[in-house]
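Subject: Structure handover

Hello,

Here is the structure I promised to pass on. Please have it open while you read my notes.

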Amino acid sequence: MKDTTRSPSSRADHVYFSVRDDIFDMRLLPGDRMTEGSIADRFGVSRTPAREALQRLQSDGLMRGYVRGGWEVVPIDFKRFEDLYEMRKLIETFSVTRLFGADGTLSATALQMLERLDRIWNVPRAQRVRDGREMVTLDEAFHEALVLAAGNEELSAAMQRVTDRIRVVRRLDLVYGDCIDDTYNEHIAILAAIRDLAADRAVELLGRHIEGSRAEVRTLTTERLQRARTASEPHSAPYAPPRLRGTI
C-alpha cells in the first residue's frame with residue numbers, strides 16, 4: 001500500500017533515515033544490493049522518493065548506484081578507510097594543538113569543553129554506558145567536541161564528513177566488539193593530558209587512540225560482518241528481491 005499520509009519530501013526522509021539505520025545497525029551489509037523498486041515496495045512509496053533517498057545516501061558515501069536502478073551498500077574498501085582514518089588523525093591532532101594559546105594555556109572554549117566532557121567520561125566504572133549504540137553517539141560527540149573547540153568551522157565540517165563515512169565500522173567495533181572500557185580509559189587519559197597543559201602528550205595519546213581504531217578496521221571479515229547482522233535480528237526486515245552478496 002502506498003504511503004499517502006506524508007508529503008513527498010517527508011516520504012523521502014523516512015526512506016533515507018530507515019535505510020541509513022539499516023546500514024548502521026548491520027541489517028544491510030557492505031556489498032548488499034537492492035533496486036529502487038524494492039525500496040519503494042518495502043516502504044510503500046513511489047520510486048521518486050526512493051530514488052531521492054538513495055541519492056542522499058550516495059552523497060553520504062553509504063550507497064552507490066550501478067545499472068538500471070540498481071544500488072548497493074558501498075563495499076568495504078580498506079584503502080578508503082585507511083585514507084579516512086589518516087584524515088581523521090590529521091584533523092583531530094591538529095585541532096588539539098589549537099586548544100592551547102601562545103603561552104601554553106587553554107582557551108576559555110577548551111576549558112568549557114573539558115568540563116562538559118568530564119561529566120560524561122570521568123565517571124565511576126559502574127556508571128559507564130554499556131549500550132553499544134549509545135556509546136557510538138558518545139564517542140562521536142567526544143571527538144567532534146575536540147575539533148569544534150579549536151574554533152575552525154571548515155575543520156569541523158570536514159570532521160563531520162569523515163565521521164559520517166566511518167560510522168559503519170565504528171559501530172561494528174563499539175556495538176559488536178568489546179572495547180567500551182578501553183574507550184573510556186583512553187578518553188579520560190586524553191582529557192587529563194589536555195587539562196595538565198601537556199600538549200605533546202595529548203596529541204600522542206589521541207594519535208594512538210585513533211590508530212587503535214584504524215587497526216580494528218583491518219580485522220573486518222565477511223564472517224564478522226555476518227555475525228553482526230545475525231546479532232541485529234530479529235529486527236531486520238528483508239528487502240526484496242533477495243540481496244546479492246558483494247565481496248569485501
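**Overall**

This is a predicted model. The mean pLDDT of the protein chain is 85, and 83% of its residues reach 70 or more. One stretch needs care: over residues 240-248, pLDDT stays under 50. The model still has 25 contacts there beyond four places in sequence. Where pLDDT is low, the predicted coordinates should not be read in detail.

The protein chain has ten helices and three strands. From the N terminus on, the order is α-β-α-α-β-β-α-α-α-α-α-α-α. Buried residues make up 48% of the 248 residues. Take the contacts between residues at least 6 apart in sequence: 75% of them join residues at least 24 apart.

**Helix 4**

Helix 4 covers residues 78-97, 20 residues in total. From first C-alpha to last it reaches 29 Å, close to the 28 Å expected at 1.5 Å a residue. Asp 77 caps its N-terminal end. There, a side-chain oxygen of Asp 77 lies 3.1 Å from the backbone nitrogen of Lys 79. The buried residues of helix 4 include Phe 81, Leu 84, Tyr 85 and Arg 88.

Arg 214 lies in helix 9 (residues 199-217). Its relative accessible area is 12%, so Arg 214 is buried. Which side chains does Arg 214 meet in polar contacts? One is Glu 82, at 3.0 Å. Another is Glu 211, at 2.9 Å. Leaving aside neighbours within four places in sequence, Arg 214 is in contact with Glu 82, Tyr 85 and Glu 86.

**Helix 7 and Thr 163**

Thr 163 sits in helix 7 (residues 153-176). Buried or exposed? Thr 163 counts as buried, because its relative accessibility is 1%. Beyond four places in sequence, Thr 163 touches Glu 140, Glu 144 and Arg 170. Arg 88 is 75 residues away from Thr 163 in sequence, yet their C-alpha atoms are 8.2 Å apart in space.

**Helix 5**

Helix 5 (residues 108-121) has 14 residues, which should span 20 Å at 1.5 Å a residue. Its end C-alpha atoms are 20 Å apart, so the two agree. Ala 110, Met 113, Leu 114, Leu 117, Asp 118 and Trp 121 are buried in helix 5. They cover an arc of only 135 degrees around the axis, so they lie on the same side of the helix. Ala 108, Gln 112 and Arg 119 are exposed on the other side. What covers the buried residues? Helix 6 (132-148) and helix 8 (180-195) are among the elements that do.

**Aromatic pairs**

The whole structure holds three aromatic pairs. In one of them, the rings of Trp 121 and Phe 142 have their centres 5.7 Å apart. Their planes meet at 75 degrees, over the 60 needed, so the pair is edge-to-face. Trp 121 lies in helix 5 and Phe 142 in helix 6, so the pair ties together parts that are 21 residues apart in sequence. Both residues, Trp 121 and Phe 142, are buried. Ring pairs also bring in Tyr 184, giving a cluster of Trp 121, Phe 142 and Tyr 184.

Best wishes

Technical notes: Residues are numbered from 1 along each chain as its sequence is written. This is a predicted model: local features need pLDDT of at least 70, side-chain atom pairs count only at pLDDT 80 or more; totals for chains, interfaces and linings use all residues. Side-chain values use heavy atoms; hydrogens and water are left out. Helices (H or I, at least four residues) and strands (E, at least two) are DSSP runs, numbered from the N terminus. The expected span of a helix is 1.5 Å times one less than its number of residues. Buried means under 20% relative accessible area, exposed over 50%, partly exposed in between (1.4 Å probe, protein chains only). A polar contact is a pair of N or O atoms within 3.5 Å; within protein, one must be able to donate a hydrogen and the other to accept it, and residues adjacent in sequence count only if both atoms are side-chain atoms. The arc is that of the directions from the helix axis to the C-beta atoms. Contact means heavy atoms within 4.5 Å. pLDDT is the predictor's confidence in each residue, from 0 to 100. Rings of Phe, Tyr and Trp (its six-membered ring) pair if their centres lie within 6.5 Å; planes under 30 degrees apart count as stacked, over 60 as edge-to-face and the rest as tilted.
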